[in-house]
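Student: Before we discuss any label, could you show me the model, so that each term can be set against its definition?

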Amino acid sequence: MDNVQELIDGPRQFLKDGVQLMNRCTKPDKREFIKVSQAVSMGFLIMGFIGFFVKLIHIPINNIIV
């Protein structure tokens, strides 16, 4: 009987936490959405430039080695 109760408690707690999260979440306003979008865009640009420069450095090195 105790094992059955333990098996039921896990999903029940997960469902309870999920409902609390959905009730607490709010839709972002326009200013917050723009701010998050700008941060994500800057992250993409920075990662793109890093990848570009790493590729730019490794192509000549790879041609020298091979």
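Tutor: Phe49, Phe52 and Phe53 form one aromatic cluster. This is a predicted model, in which local features need pLDDT of at least 70 and side-chain atom pairs count only at pLDDT 80 or more, while totals for chains, interfaces and linings use all residues. Residues are numbered from 1 along each chain as its sequence is written, and side-chain values use heavy atoms, with hydrogens and water left out.

Student: What makes phenylalanine 49 and phenylalanine 53 a stacked pair?

Tutor: Rings of Phe, Tyr and Trp (its six-membered ring) pair if their centres lie within 6.5 Å, and planes under 30 degrees apart count as stacked, over 60 as edge-to-face and the rest as tilted. The structure holds 2 aromatic pairs. In the pair of phenylalanine 49 and phenylalanine 53, the distance is 6.4 Å centre to centre and the angle between the planes is 25 degrees, which meets the definition of stacked.

Student: Why is the pair of phenylalanine 52 and phenylalanine 53 called edge-to-face?

Tutor: Their ring centres are 5.5 Å apart and their planes stand at 65 degrees, so the pair is edge-to-face.

Student: How do you know that phenylalanine 53 is partly exposed?

Tutor: Buried means under 20% relative accessible area, exposed over 50%, and partly exposed in between (1.4 Å probe, protein chains only). Phenylalanine 53 has a relative accessible area of 44% and is therefore partly exposed, and phenylalanine 52, at 47%, is partly exposed as well.

Student: What makes helix H1 count as lying largely in the open?

Tutor: Helices (H or I, at least four residues) and strands (E, at least two) are DSSP runs, numbered from the N terminus, and the protein has 2 helices and 0 strands. Of the 23 residues of H1, the number buried is 0, so this helix lies largely in the open. For the protein as a whole, 0% of the 66 residues count as buried.

Student: How do you know that the protein is more spread out than a compact globule?

Tutor: The radius of gyration is taken over C-alpha atoms, and the globule rule is 2.2 Å times the number of residues to the power 0.38. The radius of gyration of the protein is 24 Å, well over the 11 Å that this rule gives for 66 residues, so the protein is more spread out than a compact globule.
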